[in-house]
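I set out to record what I looked up in this structure, entry by entry. My notes follow the display.

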Amino acid sequence: MYKHTAPISGIATLGSKWVLTAGYDNRVILWDAEKKSPINRIFHDHLANQCAFSPCGNYIATVSSDYSCRIWSFPEMALAGVINTHQDDVESVAFHPEKQWVATCSRDKSILISDFSGKKIHHLHGHDADVISVEWNANNGLISSSDDGTIRVWNAQTGEQAECIDLDNVETDTIVITPSGTIFAGNDNGEIIIIADGKISSTPAHEAGIKRLVYDNKRQIIVSLSYDRKMKLWRQHGDTLENYHTAELPALIWPRSCAFLDKDKLVFASFGDSYAEYAISERKWYLDHIRPTQGLNAVQLFNGALWSVGDAGTVFNGSHIAAEMGSLCNFLCDFNGTLLTGGQMGTLFNACTGEVIYQHHSPLNCASSIGGDNAMCVVGAYTGEGIVLRNVNGKVEVTDVISLHQNAIKGVALTGTLIFSVCADTAAAFHKTDDLSCHKYIPAAHHKIANGCDSDGAGTFVSISRDLKLRIWNDETPQVIDTPSANSIKCVALSKDNRQVAIGNYTGWVGIYDLSRAAWVYWQRRSFSGISSIKAVPDNFVFSTYEGICEYVMPE
């Protein structure tokens with residue numbers, strides 16, 4: 001039976017009978033909640049990010065990285081309308097409580113109000129960064145939160161901004177609104193912000209950024225999910241919140257989305273082929289029905305063989321299983337003969353043995369190393385730290401943890417003298433390898449989120465971004481090169497002879513740029529699911545895909 005083949009990003013419920021999931025396999029699946037069995041599925045052309053049921057129960061809405069929102073009749077799951085005005089990934093959708101309207105928000109920094117056929121009613125502009133969350137209030141107004149650190153209130157009738165609430169430039173991914181109009185917002189500092197009657201207060205809630213808040217109107221309960229791997233339940237008492245229930249999130253859970261199934265059960269997005277369930281009264285997770293997916297997130301040539309790892313945390317040596325990490329891993333890095341990996345749980349492993357080297361307080365995104373007399377490895381974390389490893393008495397050890405950025409590190413690359421890193425807030429930074437001090441910080445190095453970087457090890461760096469540009473750094477001012485990519489570029493690699501740069505994007509295209517000719521000499525689609533990583537190897541490049549494939553760019 002069809003299930004998800006990549007992580008589940010969004011989840012919604014209708015009563016206690018239906019569960020709807022949106023996945024990074026472009027699928028949206030309807031489930032029978034009692035049997036946890038799939039009933040029907042629909043598709044987007046790219047990652048499905050979130051989904052929602054209409055208040056009347058006759059429609060569903062799905063949003064995607066294909067830049068669209070799609071409205072479907074329910075339970076037929078027939079396409080009723082397409083909203084395709086956005087110019088970047090659509091992150092969230094909210095049905096109007098009464099009218100046949102939906103609000104969508106996007107990484108194009110805008111919000112759309114549309115009817116169910118897809119006709120635009122208002123296009124709202126004002127945010128200075130990606131808009132991540134949108135909700136309707138009881139007065140038919142619209143509330144949005146953004147990476148620009150503001151919450152904005154909009155008049156849905158006129159399309160005008162009614163209020164801008166400044167949250168001290170702290171990114172805010174998620175908001176919920178009570179019937180009385182109180183706004184709760186979860187930010188990257190792990191705080192729940194309470195906005196009521198013109199007053200703003202905050203409650204320290206998590207040790208890492210809050211990715212999702214969910215509000216249950218009937219029981220007046222808030223759920224918070226964080227990358228500190230905790231789920232918390234809260235009750236409101238005036239201007240304060242009481243945390244009355246906390247659960248550790250199993251490794252399978254992606255703290256990006258959850259929903260109430262009934263008064264005692266919650267359902268969660270997962271890294272597997274189905275959703276997870278949690279019984280509050282029993283404090284029990286139901287996970288046995290979930291199977292791992294086969295998507296790969298990283299590839300590395302190591303000891304003459306292609307090693308890979310992905311959503312399931314299974315490390316492969318060629319086609320053979322080498323070790324199990326137990327949770328999603330994002331990278332592989334060869335550090336002086338020790339293969340390192342890590343990911344969602346914040347655990348840094350020896351990928352060959354599964355030995356734990358270090359435990360961080362947030363997910364690990366990327367890593368790079370340099371050999372020689374001053375051999376060093378730097379691992380980039382979701383909360384902006386660089387974890388520095390060296391060989392100490394023949395053993396790989398963490399010697400320093402330094403702040404490289406104030407947001408998620410998306411790529412790191414090393415030379416003998418510099419650590420180059422790029423960040424989700426578009427910044428780039430150069431740090432010295434000798435004393436780890438900041439040499440140069442460039443706050444707007446890219447026009448959109450940076451996704452990765454690489455180095456030739458000698459002094460040239462490259463970086464890529466959602467802005468579809470390739471940047472070549474021979475000093476602190478990059479050369480900016482247009483790419484053939486129409487979709488966000490995920491990964492980049494620079495050949496060690498400094499002759500070619502390879503890129504891979506989220507829709508499966510691989511490109512090679514020849515530096516001497518200043519031209520793209522290769523552009524071909526190699527996957528229908530997306531390129532997850534690309535690495536330089538002698539006289540070639542190798543890539544991995546979200547559908548579980550590793551291949552050389554040029555035939556070996």
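**Entry 1: Surroundings of Thr150**

Leaving aside neighbours within four places in sequence, I found Thr150 in contact with His127, Ser144, Ser145, Cys164, Ile165 and Asp166. I note here that the model is a predicted one. I placed Thr150 in strand β15, which covers residues 150–154.

I next looked up how the chain is divided: domain 1 spans 13–220 and domain 2 spans 296–549. Their C-alpha centres are 32 Å apart. Twelve residues from domain 1 and twelve residues from domain 2 make up the contact.

How much area do domain 1 and domain 2 bury between them? I recorded about 1000 Å², with 38% of it on carbon and sulfur atoms. I counted three salt bridges between domain 1 and domain 2. Across this interface I also noted five residue pairs in polar contact. On the side of domain 1 that touches domain 2, I listed nine charged residues, two nonpolar and one polar.

**Entry 2: Salt bridges**

How many salt bridges does a search of the whole structure find? My search returned 20 salt bridges.

I examined Arg466 and Asp89, which form a salt bridge with their closest N and O atoms 3.0 Å apart. This pair links distant parts of the chain, 377 residues apart. Arg466 lies in the loop between β46 (461–465) and β47 (469–473), and Asp89 lies in the loop between β8 (79–83) and β9 (90–95).

Asp467 and Arg471 form another, with the closest N and O atoms 2.9 Å apart. Asp467 and Arg471 are both buried. Through shared partners, salt bridges join Asp88, Asp89, Lys448 and Arg466 into one network.

**Entry 3: Backbone exceptions**

I checked the backbone last. Most residues other than glycine have a negative phi, and most peptide bonds are trans. Where is a cis peptide bond found? I located one joining Phe74 and Pro75, with omega about 15°. Pro75 sits in the loop between β7 (69–73) and β8.

I noted a positive phi of about 75° at Asn26, which is not a glycine. Asn26 is in the loop between β2 (18–23) and β3 (27–32), and at 13% relative accessibility I recorded Asn26 as buried. Asn336 has a positive phi as well, near 50°. Asn336 is found in the loop between β33 (329–335) and β34 (338–343). At 44% relative accessibility, Asn336 counts as partly exposed.

Note on methods: Residues numbered from 1 in each chain as written. Predicted model: local features only at pLDDT ≥ 70, side-chain atom pairs only at ≥ 80, totals over all residues. Heavy atoms only, no water. Domains from an automatic or database assignment. Contact = heavy atoms within 4.5 Å. Buried area = accessible area lost by both parts, 1.4 Å probe. Salt bridge = Lys/Arg side-chain N within 4 Å of Asp/Glu carboxyl O. Polar contact = N/O pair within 3.5 Å; in protein donor to acceptor, adjacent residues only side chain to side chain. Nonpolar A, V, L, I, M, F, W, Y, C, P; charged D, E, K, R; others polar. Helix = DSSP H or I, 4+ residues; strand = E, 2+ residues; numbered from the N terminus. Buried < 20%, exposed > 50% of the residue type's maximum accessible area, 1.4 Å probe, protein only.
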